[in-house]
Amino acid sequence: MSDAAGPNRVLVLNSGSSSLKYQLLDMSDGSRLASGLVERIGEAGSEVADHAQALERVSRELSGQGLGLDSPELAAIGHRVVHGGTLYTEPTLIDDAVLAGVRELVPLAPLHNPANAMGIEVARRMRPDLPQVAVFDTAFHSTLPEAAWRYAIDRETADRHAVRRYGFHGTSHAYVSRETARLLGKEPEEVNVIVLHLGNGASASAVERGRCAETSMGLTPLEGLVMGTRSGDLDPAVVFHLHRQAKLSVDEVDALLNRRSGLVGLCGDNDMREIGRRMAEGDTAARTAFDVYVHRLKKYLGAYTAVLGTVDAVAFTAGVGENSAAVRAAAISGLEPLGMILDPVRNTVRSGAARLISADGSRTAIAVVPTDEEMEIARQTYALARGGSAS
Ligand SMILES: Nc1ncnc2c1ncn2[C@@H]1O[C@H](COP(=O)(O)OP(=O)(O)O)[C@@H](O)[C@H]1O
Ligand SMILES: CC(=O)OP(=O)(O)O
Ligand SMILES: [Mg+2]
């Protein structure tokens, strides 16, 4: 039902390279009316050839529940867009120029922006009358100081080709850092938080009094932590070496680092649940993958403690961060001198709620804070569609 002020539902579309996630939210009370996922888009043997077909399927699913895209209750459609470059640092009403801008950034996010652009195109065709809003993964990181975003390479080359740290998962880092402050009973401006977003893609951020001060992903979502299929940090000379000595083309190295590295490259599995099962059976490749993953986390916890000076909280989020007590315990273990002490019982209690898992004597609070990128995208979309400021 719409209130006196008009329609109040927002459809959120999160188009991944081979998936389309959606949620329909009622912004009058924050309730979730529908949600779902279309997977294996464009893969061999899949019934869904591209994102256009995926969105048609979503539209049918919603219509079947009496919640079709043609509904007059729909106020706006919000799109997750991974790369916004330096141009888009705020949620943005989509027009032809913005869609062209998202396409221009494809070389900087080849796994993500093509799907985002296609989702936008199809949704605009279906509902040309509706406000559609792009919410960028990079936006929250636009506050990085130059010392953090600038790479130490030839300045002219870097500036000419827009080579710099952008950072990603910003919608999640923004939401989780705010929710962490709330869990501590504080305003975001009163606390420093390290957020560890550990999903399939994974990134860390250092959030200083509500503003992002440092983050682990860079020009593209390849840098930083060990991920499901991506290497994260390595010596850039690895690329030259593989090209010159192993005779891999640049495209082959790109595919190796983005799709066949990280956990899957180390042990053949990218799902932390499966890695846990294999470790319990004494599998050494799974053990090594886990150790490399956790060692990287520890390095970032130390580095970001140094960047922030005072750390009020560390927040674990996304699939691995919210569910793997083993990863959390291993990452924090040994960091007692930094003031981070986990409570082993609190850490293993299963819950879907934001919660503290640190020991009472821990100087830094340690928390599990479930992320909700869709709700955050919907909130920003709704605010902008209503003509207000989105943030
Ligand atoms: N119960 C669990 N225990 C450990 N890891 C889990 C569990 N549930 C999910 N995961 C991990 O979370 C990952 C997916 O995280 P998610 O945030 O959903 O990723 P994305 O949104 O990037 O696809 C899986 O690959 C898996 O490793
Ligand atoms: C930017 C990024 O890595 O996103 P995802 O985790 O959805 O792959
Ligand atoms: Mg995710």
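1. Let's start with ligand 2. The residues around ligand 2 split into three nonpolar, six polar and one charged. In this scheme Ala, Val, Leu, Ile, Met, Phe, Trp, Tyr, Cys and Pro count as nonpolar, Asp, Glu, Lys and Arg as charged, and the others, Gly among them, as polar. The surrounding residues are Gly-16, Val-82, His-112, Asp-137, Phe-168, His-169, Gly-199, Asn-200, Gly-201 and Pro-221. A residue is taken as near a molecule or strand if its C-beta atom, placed from the backbone, lies within 6 Å of it.

2. Before you go on, some housekeeping. This is a predicted model, where local features need pLDDT of at least 70 and side-chain atom pairs count only at pLDDT 80 or more, while totals for chains, interfaces and linings use all residues. Residues are numbered from 1 along each chain as its sequence is written, and chains are lettered from A and ligands numbered from 1 in the order in which they are written.

3. Now the domains. The protein is divided into domain 1 (9-136) and domain 2 (186-372), with bounds that come from an automatic or database domain assignment. Taken over C-alpha atoms, the centres of domain 1 and domain 2 are 28 Å apart. Each of the two domains gives at least three residues to the shell around ligand 2.

4. On to ligand 1, which has 13 residues around it; the closest are Gly-199, Asn-200, Met-272, Gly-319 and Asn-323. By class, that shell holds three nonpolar, eight polar and two charged residues. Helix H10 (272-280) and helix H12 (318-323) each bring at least two residues, and H12 gives the most, with four. Helices (H or I, at least four residues) and strands (E, at least two) are DSSP runs, numbered from the N terminus.

5. Have a look at Asp-137, where an unreviewed UniProt entry places the feature "active site". UniProt positions are given in the numbering used here, feature names are shortened, and annotations may be inferred rather than shown by experiment. Asp-137 sits in the loop between strand S6 (132-136) and helix H4 (146-149). Why does Asp-137 count as buried? Because 27 C-beta neighbours lie inside 10 Å. The cut-offs are these: a residue is buried if 20 or more other C-beta atoms lie within 10 Å of its own, exposed if 12 or fewer, and partly exposed in between, with C-beta atoms placed from the backbone.

6. Which residues does Asp-137 touch, not counting residues up to four places away in sequence? They are Arg-80, Val-82, Phe-168, His-169, Gly-170 and Thr-171. Two residues are in contact if their C-beta atoms, placed from the backbone, lie within 7 Å.

7. The unreviewed UniProt entry has the annotation "binding site" covering Arg-80, and Arg-80 is part of strand S4 (residues 74-81). Arg-80 counts as buried because it has 23 C-beta neighbours inside 10 Å. Leaving aside neighbours within four places in sequence, its contacts include Asn-14, Asn-116, Asp-137 and Glu-373.

8. S4 also belongs to a sheet. This open sheet has six strands in the order S3-S2-S1-S4-S6-S5, with mixed pairing. Its edge strands are strand S3 (31-38) and strand S5 (92-93), each of which pairs on one side only. Strands pair if DSSP finds at least two bridges between them. Strand S1 (residues 9-15) and S4 run parallel, joined by five bridges, and Val-12 stands opposite Gly-78 in S4.

9. Next, strand S10 (residues 313-317). Five of its five residues are buried. In a regular strand the side chains alternate between the two faces of the sheet. Here, Ala-313, Ala-315 and Thr-317 are on one side and Val-314 and Phe-316 on the other. S10 runs parallel to strand S7 (residues 192-198), with five bridges, and Leu-196 stands opposite Phe-316. S10 also pairs in the parallel sense with strand S12 (residues 365-368) over four bridges; there, Ala-365 is the bridge partner of Ala-313.

10. Last, compare two valines in loops. Val-311 lies between helix H11 (284-308) and S10, and is buried because 24 other C-beta atoms lie within 10 Å. Val-163 lies between helix H5 (155-160) and helix H6 (170-183). Is Val-163 buried or partly exposed? Val-163 is partly exposed, because 15 other C-beta atoms lie within 10 Å.
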